[in-house]
Amino acid sequence: MMKKTKVLYLSYDGIMEPIGQSQILPYILELSKKYSIYILTYEKFKDIKNYKLKLSIEKKLIDNNINWKFIVYKSNSFLSCLNIFKGFCISLYITFKYKIKFYHLRSYIPGLITFFLIILFRKKFIFDIRGFWIDEKADRLNLNKNSIKYILFKNIEKILMIKSSHIVTLTNESKNIIIKKFSNIRRNKISIIPTCVQTDNFSYNKKQSNKNKNIIFCYLGSIDTAYDFNKVLNLFNMYKDIDKKIFLKIVTNSKRKLVLKYIKHHGLNKNQFSIENCEHSEIHKLINSSNIGIFYAKNNFSIKASFPTRIGEFLSCGKPIICNNFNRDINYLINKNNLGIISNFEEKNSYVELTKIKQMLKNNSTRKRIINFVDKNLSLEIAIKKYLKIYNQL
């Protein structure tokens, strides 16, 4: 039997987090069929305490001969630095003990962890950026662009971009930004793989679907940092003035008190909304019980490289989306393929938008058309083929 090439996959996101379960685990399980995968992740303590989930993931990894090491994530600055050093030591050990051929670095921190290995031993690596991470810190958490931290990471970003064997990004707009900024990077060195979805887990289910005629809007995920929840509630109120029977289902891990504070500010009654919190494996049920997804992403530089996970999850269940024009890829995707509405979240357009939503939902072909689009463009199978093509080139 031919020996599989050995790959070290590093992620600062935990495999037990919702994003890890949807955007890391399915990928490495498939990639492990062709490659020998070693994975290093940073896990939140609250996730590690979920023994049932931990055992379930461990079993899947063991069954697929995937060697998993993890470090407990710490948010404290000093402990974060210590964790990065731990990551370096573990990566060094795995690299030489198992003769790793190349690295798959998911985002920027893994690039920092393996930085000296890359420079000293000239290891090949895929820089899977997942967005402009340090600019996200500036845009979402007000990191000063003149600070040492920002300048340091921008220089590390430059080295990682240039030294990488291949770059993976989520949007075509971010690819163009990278090429414009780093003129010595070839266009064919960059692949666009948007945030895809495991269609077996996120699929339309008639039994779970909304049985009444009232429209249920579904807000899924975080209500802060990258997103403006106030905009969503404001637009929902505009729609509610037109149709009193509409309903907002909020599915989030954000603190309930914080969510209620936003809702109180916008004057929603108890019979007009619900707040849900569930395991990642149950999200598809809540999406299916709604009619349309809704969110507003803050407009800034870093969002140009973003492709929110919730997009694929809504569409895979046959649900259209209403959101703002936060980057060119999303604008083109939704308008070109009639997957929902790009809104400016202003009152003057609310009646026309709500009328269009109702027409879209009444059309029997809408659901099938959206699901068909996902199968051809945003399915896990499509993404795996692209990743395997990159892996095979290294």
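Predicted model: local features only at pLDDT ≥ 70, side-chain atom pairs only at ≥ 80, totals over all residues.

A: Two packed helices are described by the angle between their axes and the distance between the axes. The crossing of the two helices is left-handed.

On the side of helix 8, the residues that meet helix 9 are Trp133, Ile134, Asp135 and Ala138. Their partners in helix 9 are Lys149, Tyr150, Phe153 and Lys154. By type, the residues of this contact divide into five nonpolar, no polar and three charged.

Lysine 154 lies in helix 9. Its relative accessibility is 16%, and buried means under 20%, so lysine 154 counts as buried. Leaving aside neighbours within four places in sequence, lysine 154 is in contact with Ile134 and Asp135, and also with Lys181.

Between helix 8 and helix 9 there is a loop, and asparagine 142 is found in it. Phi of asparagine 142 is near 60°, a positive value in a residue other than glycine. Asparagine 142 has 68% relative accessibility and therefore counts as exposed.

A core of 38 residues includes Ile134, along with Leu10, Ile113 and Phe182 among others. This core lies apart from the largest nonpolar core, which has 58 residues. In the largest core, the residues that touch the most other members are Phe217, Tyr219, Phe229, Leu248, Phe295, Ile311 and Ile357. Helix 11, residues 229-242, gives the most to this core, with seven residues.

Not counting residues up to four places away in sequence, phenylalanine 295 touches Tyr219 and Ile311, and its other contacts include Arg310 and Phe345. Phenylalanine 345 lies in the loop between strand 13 (340-342) and helix 16 (350-362). With 4% relative accessibility, phenylalanine 345 counts as buried. Its phi is near 55°, a positive value in a residue other than glycine.

Arg310 and Ile311 are in helix 14, where both are buried. Helix 14 spans residues 309-316 and is mostly covered, with seven of its eight residues buried. Just after helix 14, glycine 318 takes a positive phi of about 80°.

Leucine 378 sits in the loop between helix 17 (365-377) and helix 18 (380-393). Its contacts, leaving aside neighbours within four places in sequence, include Gly312 and Leu315, as well as Pro194 and Phe373. Leucine 378 counts as buried, at 2% relative accessibility.

Histidine 280 lies in the loop between strand 10 (273-276) and helix 13 (283-288). Histidine 280 touches Glu313, and also Pro18, Gln21, Ser22 and Phe202, not counting residues up to four places away in sequence. Although histidine 280 and proline 18 are 262 residues apart along the chain, their C-alpha atoms are separated by 5.5 Å. Histidine 280 is buried, with a relative accessible area of 11%.

Terms used. Residues numbered from 1 in each chain as written. Heavy atoms only, no water. Helix = DSSP H or I, 4+ residues; strand = E, 2+ residues; numbered from the N terminus. Buried < 20%, exposed > 50% of the residue type's maximum accessible area, 1.4 Å probe, protein only. Contact = heavy atoms within 4.5 Å. Left-handed = near helix turned anticlockwise from the far one by under 90°. Nonpolar A, V, L, I, M, F, W, Y, C, P; charged D, E, K, R; others polar. Core = buried A, V, L, I, M, F, W, Y, C linked by side-chain atoms within 4.5 Å.
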